[in-house]
Amino acid sequence: VAYVGKRGKTRFAVVDGVVGDGYDVLAEFTFSPDSKRVAYVAKRNGKCLAVIDGVEQKQYDMIPKDSLRFSPDGRRITYAGTVAGKKCVVVDGIEGKKHEALDADSLGFSPDSKRVVYKAVQGGMQFIVIDGVESKWYRGFFGKGQFMFDGPDHLYALAWRGSELLRLEIEISEK
């Protein structure tokens, strides 16, 4: 069980009866699929941070709503952060490359929890990032949200190139 408590202007998370640190704002409790882990977004002194299993992570100017995601097996976690106007994805506490923008709705894991995938923007062009590796660049993608996985190493997306709508089939390999 997790809920937000309040003492004066300070808010704190209570997870399974354990009271956490105090913050100005608390939001977005997210549980792992097996409910053994919990993460939430907190704000203190104008900065946002993820708190994962009671441990504070690096501070960001912003953490987009609903970007905290546990992997299907519950062992890994990812979220998006903004610092100095640039967006990045944090995977298991490690900050990735910064981009002009990214689609936090697309942020997620492959069904086997091994791969992290999201859409990013640079120079007005959009691309898919899989485990930090960028795809070809496109004018944009059709639809919002998660990619369509067909197994742990195969995904689909719809992308615009000029006036053409393309169905992308991406096979992920270790090469």
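**Close-up views of a predicted model**

View 1. With a relative accessibility of 1%, His99 counts as buried (under 20% relative accessible area, with exposed meaning over 50% and partly exposed in between, for a 1.4 Å probe and protein chains only). His99 lies in the loop between strand 11 (94-95) and strand 12 (101-109), where strands are DSSP runs of E with at least two residues, numbered from the N terminus. Beyond its neighbours within four places in sequence, His99 is in contact with residues including Lys86, Tyr118, Phe127 and Glu134, contact being heavy atoms within 4.5 Å. The model is predicted, so local features need pLDDT of at least 70 and side-chain atom pairs count only at pLDDT 80 or more, while totals for chains, interfaces and linings use all residues. Residues are numbered from 1 along each chain as its sequence is written, and side-chain values use heavy atoms, leaving out hydrogens and water.

View 2. Tyr3 stands opposite Val14 in strand 2, and in the hairpin, which has two residues between the strands, Gly8 takes a positive phi near 65 degrees.

**View 3. Aromatic pairs.** The count comes to four aromatic pairs, taken as rings of Phe, Tyr and Trp (its six-membered ring) with centres within 6.5 Å, and classed as stacked for planes under 30 degrees apart, edge-to-face over 60 and tilted for the rest. Phe29 and Tyr40 form a tilted pair, 5.1 Å centre to centre with 40 degrees between the planes.

Methods: Pairing = 2+ DSSP bridges. Helix = DSSP H or I, 4+ residues; strand = E, 2+ residues; numbered from the N terminus.
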